[in-house]
Structure formats: structure tokens, C-alpha cells
Amino acid sequence: MRRCEDAVLRVHELTKVFDGIVAVDRVSFSISRGEIVGLLGANGAGKTTTLHLILGLIRPTSGRIEIFGRDIERHRIEILRRMNFSSVGVNLPPNLTVWENLWLFAQLYGVSRAQERIAEVLELLEIAHLRDARTGRLSSGEMTRVNLCKALLNDPELLLLDEPTASLDPNIADKVRRLLRQIQRERRIAMLYTSHNMRDIEEVCDRILFLHQGRIIAEGSPREILEHFRTRTLEEVFIRIARSGEILVSQRER
Amino acid sequence: MNLRRVGILVLRYAFVYRRSVIRLVEVWFWPTMELLLWGYVTLFLQRVGEGAVPRLVTFLIGAMILWDVLYRAQQGITLSFLEDVWVRNLLNIFCAPVRLSEYIAATFLFGLVRVGVTLISLAALAWGLYHFDLFEMGFALIPFMVNLLILGLALGVITTAIILRFGQAAEALAWAVPFLLQPFAAVFYPVSVLPPSLQVIARAIPCTYVFEGMREVLRTGTFRWDHFGWALGLNALYLGLGLWLLVRMFDLARERGLLGRLTMQ
Ligand SMILES: Nc1ncnc2c1ncn2[C@@H]1O[C@H](COP(=O)(O)OP(=O)(O)OP(=O)(O)O)[C@@H](O)[C@H]1O
Ligand SMILES: [Mg+2]
């Protein structure tokens, strides 16, 4: 069992019920500094809901969320300054330029030396040439990268990514995966990552949580999961779990 | 509340407006067209009535301009919120370290700026075209404005709360809510025209006192402080209720996951 002293995020028995639908069901896990955790599961498994709960955008029905050792309900603003979020479904005002959008968010997050930081993240995601383009004119892959820039602006200690590579071409997706790995090494960011792309998960994540109907039913490193299910690809595991809800709690003591 | 963040949010709206023809149309085009329409209707009525109603120009054009202050203040708040919904930016804002109070304060401030711009343009135009001098009301103009702005803000907050609760299906309310009041608020005619039952409603609407007061000031030059007090009291009540409702709905939105729904639907 992972030691929790350096846990950035700790989720305990988290449950969310919407109108009788249990979207998240007694989920417990933690993420340490410098660890990338993948949240996997079929459509409607509860991934986005879990991320929104962690961001304090949704209030849990029961359970506790602690980030940087503090309760999200009570210290939301302080905590949000030190984390960030990017999602496919979320955009930036289309009639502002990439630079203007990033500058405004840099200010909201209280980023010091904003200009330099923006130049840095644009360089990092290889979109420095789009600096003065209006975000409304960007292709969806370019937009995704701008969103990632926004998510990196405040040098977050915890990064939540909801399908960050969903609209990227294979080349850029590969670059983004490398980039996330690089950031993780250099800055020891903790990340919680959802994706339907198994390649993403295999390459990027140190640990995987499989969600099925709101419950974590398998947990472990990509390798452990493959060994347990005796398959060669996570895709097969995914399909098996999605269809049968087969349970594995390999790395959890219980 | 962090004022710096409020300032940045206001600046954000300014950035959006600077680039958007549609938004500028909201600020100038509609008010100008309305003024032209009412201005010429007034001139016509004056000609056929041969002065039967004294100071018709001032009554109608003054009423139209003051109504616009109220309407634009409400729109300033609601449209700022809807803007964030439309461009799917709402989640980005609320997962940044931004408090609801800061967000509301920013929409308030930007709403005021918008109203200021519209008001000055209308006043200049009315003076140029119809020799209507808005400032003839003198000092009274200030308390009138205060009451109209507060009611505009209150209506803006209430509309926003409803849209937050019912989603984009309720979007049309952004434009409808102020006009629910208009027939009863004695904007273009005195309260005495209304049947007694409706007069009761009229007296519960703060801006009724402003429009009655405006006519009074223009006709007799007297400013009714008691009416001002009533309007201010009612306004405080409605603004308080509006803010309470918005906070409740934001709470409910967190309970039901409506922020995500609103952004991604
Ligand atoms: N605001 C809401 N109100 C009611 N039900 C909701 C709400 N949000 C999510 N749900 C329900 O909760 C469940 C989990 O949804 P969620 O969006 O978290 O799934 P997901 O794992 O992110 O799926 P996807 O892969 O399609 O993005 C679904 O059954 C969904 O219908
Ligand atoms: Mg999702």
C-alpha cells in the first residue's frame, strides 16, 4: 500500500448521487507528488463527475476530499490556486487571442511574471506561432493545446485532465504524452487523467483506476492490471470490464 | 472578496466587447433605434395634439431613456453570464480561484460601465435631434439613476439565477424579465391610468416611483423624497432577494452538477 505522507490528493469514500443515479460510489484513492494516475471507464462510468467533485464544482453526497492536506469545501480558493484543470468540453472566449486569454487566466491565478510564463507554455506546447490568433479560429487540436497551456500557467501541483488528447492527431498526441511525462519528472506534478485512448494510459500513467458504474473495480499499474487479467492490451481489459464488471482490487488491501 | 480578481474579470469583459461587433450593437444600436422611434412618435403626437399634452417630448423621450438605463443594467449582468455559458468558459472560471461574489461584482461593474456608455450616447443624441435635455431634471437625475440601476442589477441577478437553475432553455428570460414589469411600472403613462388592482402592483415596483417622479420633476420641479425612500427600500428588498436566490441556485447547481451541464450541453 502506498504511503500517504506525500499525498497531494486524498479521496475517501466519495459518493455522488444525482436524483437516484449513483454516479460515483464510495470511491477512495490518493495520489502522491509526481504521480500520474489514469481514470478509466466506459461512458457514464463517473470519471468527469469525479473530477468535478475534486474541483469543488459538484458537492459530494458523502465522503471527503483533501487536497494538499486540506478540505476542499473549506479551503477551496487557496487550493484552486495551486491546481488546474483542462477538459475537452470547455473552451475559452473565441474572440480573444490566445495570448489575451492566457494573460487573463494568468492574472486570475496570480501568476507572477505572466508574460514570460505565457511565452514558456506556448513554447512547450509548440504553439508560439498562434499567440495572436483568435481562439475561435483554431482547430480543435490547437484549441486543446491552448487549454493545456491554460492548465499549466500556474505551475500547478495537481493537474486534472479530462480527455486531454481527445482531438489530437497521433503526432501531437504523442508529443503531449511526452510533455506530460517530462513535466512530471521535472516538476513532480501529480496528475489525474481520464482518457478513452488506451495508448495514452499505458504510456503516461503510473497507476490506473478502473471505474465501473461509479465504483473502482480495479486498481494497479498498467503492468499489474495486464498480468491480473492475463491479457496483452488494456483495451481488452477495458472491454471485459465494461461488459462484465469483473472485479479486481489487486493492489488494495482488503 | 479580492478586488484585483474583480478587476481582471471586468477587464475580461472589456476585451470581449472590444472585439465583438454584436456586443457593441447591444450597447449602441438598439438604444439608438428606440430613441429614433420614440422621438418621432413624440413629434408626431405633438403635432396632431397641438400641445394638448404639455411637455409630451420630455415625458416620452425621458421615459424611454430612463427605461433603457434599467434594461441595460439588467442585460449587463445576465448577458455577461450567458456569454460565459455560450462560449463554454464557465467551468474555466469557476475552477479558477474565483469566488461567486467576485464574479457577480464584476458583472455589476461591467454592467454599470455599459449603462454609462449607452446613457451618455442617448442623452447626446436626444439633445441633438429633439432638443431634449436629460439634465433638465438636474439633481433629481442622480436618485433616479441610483434606483433604476439597483433595480436593473436586482433583475439581472434574478434572471441569472433562473438561467442557472433551468439551463439554456430559460435563456429567453434574459430579454423577457424586464418587460414583464414595463406595463405596470408607469413608464410612459401615470399610475392613475391603470385600474386600481394593477395600481397595487405598480406600487410594489421600485421604478414606478422613478417614472412618476420624473414627470413630477419635469412638470412642477418638485422632487418627492418619500417616493425616493419607497423606491430605495423596495429596491434593497429585491436586490437582497435576488442575491439570496442566486447564492441558493449556485448551491443547487453544485448539488446537481448544473455547472458542468450548462457548459457542455
Ligand atoms: N449533473 C448531472 N445530473 C444527473 N446525472 C448526471 C449528472 N452528471 C452526470 N450524471 C450521470 O452520472 C453518470 C456519470 O457521468 P460522467 O459524466 O461522470 O461519466 P464519464 O465517465 O465522464 O463518461 P464519459 O466517458 O462519457 O465522459 C452518468 O450516468 C450520468 O448520466
Ligand atoms: Mg466524461
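This text walks through the strands of chain A and then the helices of chain B. The model is predicted: local features need pLDDT of at least 70, side-chain atom pairs count only at pLDDT 80 or more, and totals for chains, interfaces and linings use all residues. Residues are numbered from 1 along each chain as its sequence is written, chains are lettered from A and ligands numbered from 1 in the order in which they are written, and side-chain values use heavy atoms, with hydrogens and water left out.

Two conventions come up throughout. Helices (H or I, at least four residues) and strands (E, at least two) are DSSP runs, numbered from the N terminus. Two strands pair if DSSP finds at least two bridges between them.

Begin with the four-stranded sheet of chain A. This open sheet has 4 strands in the order β2-β1-β4-β5, with antiparallel pairing. Its edges are β2 (21–32) and β5 (70–71) of chain A, each pairing on one side only. Strand β1 (residues 7–18) of chain A pairs with β2(A) over 8 antiparallel bridges. Towards strand β4 (residues 62–67) of chain A, β1(A) has 5 bridges, again antiparallel. In β4(A), the partner of R10(A) is E66(A).

Now step on to the hairpin. β4(A) and β5(A) are joined by 2 bridges in the antiparallel sense. I67(A) sits opposite R70(A) of β5(A). There are 2 residues between the strands of this hairpin, and F68(A) takes a positive phi near 50 degrees.

Chain A also holds a six-stranded sheet. This one is open too, with 6 strands ordered β6-β7-β8-β3-β9-β10 and mixed pairing. The edge strands are β6 (83–87) and β10 (215–220) of chain A, and each pairs on one side only. Neighbouring strands are turned by 15 degrees against each other on average, direction ignored. Axes are lines fitted to C-alpha atoms, for helices over the stretch in contact, and angles run from 0 to 180 degrees between N-to-C directions. Within the sheet, strand β3 (residues 36–41) and strand β8 (residues 190–194) of chain A run parallel, joined by 4 bridges. There V37(A) stands opposite L192(A) of β8(A).

Helix α5 (residues 140–152) of chain A touches β6 and β7 (158–162) of chain A, and its direction makes about 170 degrees with that of β6(A). Contact means heavy atoms within 4.5 Å. Helix α8 (residues 222–229) of chain A lies across β9 (207–212) and β10 of chain A, at about 105 degrees to β10(A).

Turn to chain B and its helix pairs. α2(B) packs with helix α5 (residues 100–130) of chain B at an angle of about 30 degrees, the axes 10 Å apart. The two are therefore roughly parallel. Angles under 35 degrees count as roughly parallel, over 145 as roughly antiparallel, 65 to 115 as roughly perpendicular and the rest as oblique. From α2(B), the contact residues include W28(B), L35(B) and Y40(B), and from α5(B) they include V117(B), L122(B) and L129(B). By class, the contact has 13 nonpolar, 4 polar and 2 charged residues. Ala, Val, Leu, Ile, Met, Phe, Trp, Tyr, Cys and Pro count as nonpolar, Asp, Glu, Lys and Arg as charged, and the others, Gly among them, as polar.

α5(B) also packs with helix α10 (residues 225–256) of chain B, at about 135 degrees and with axes 12 Å apart. That angle makes α5(B) oblique to α10(B). L100(B), I104(B) and F108(B) of α5(B) meet L239(B), L243(B), L246(B), V247(B) and F250(B) of α10(B). This contact has 8 nonpolar residues, no polar and no charged.

A further pair is helix α6 (residues 141–166) and helix α9 (residues 206–220) of chain B, packed at about 155 degrees with axes 9 Å apart. α6(B) is thus roughly antiparallel to α9(B). Among the contact residues are F144(B) and L148(B) in α6(B), and V210(B) and M214(B) in α9(B). The contact residues divide into 9 nonpolar, 2 polar and no charged.

The whole structure has 18 aromatic pairs over all chains. The ring centres of W38(B) and F188(B) lie 4.3 Å apart with planes at 15 degrees, so the pair is stacked. Rings of Phe, Tyr and Trp (its six-membered ring) pair if their centres lie within 6.5 Å; planes under 30 degrees apart count as stacked, over 60 as edge-to-face and the rest as tilted.
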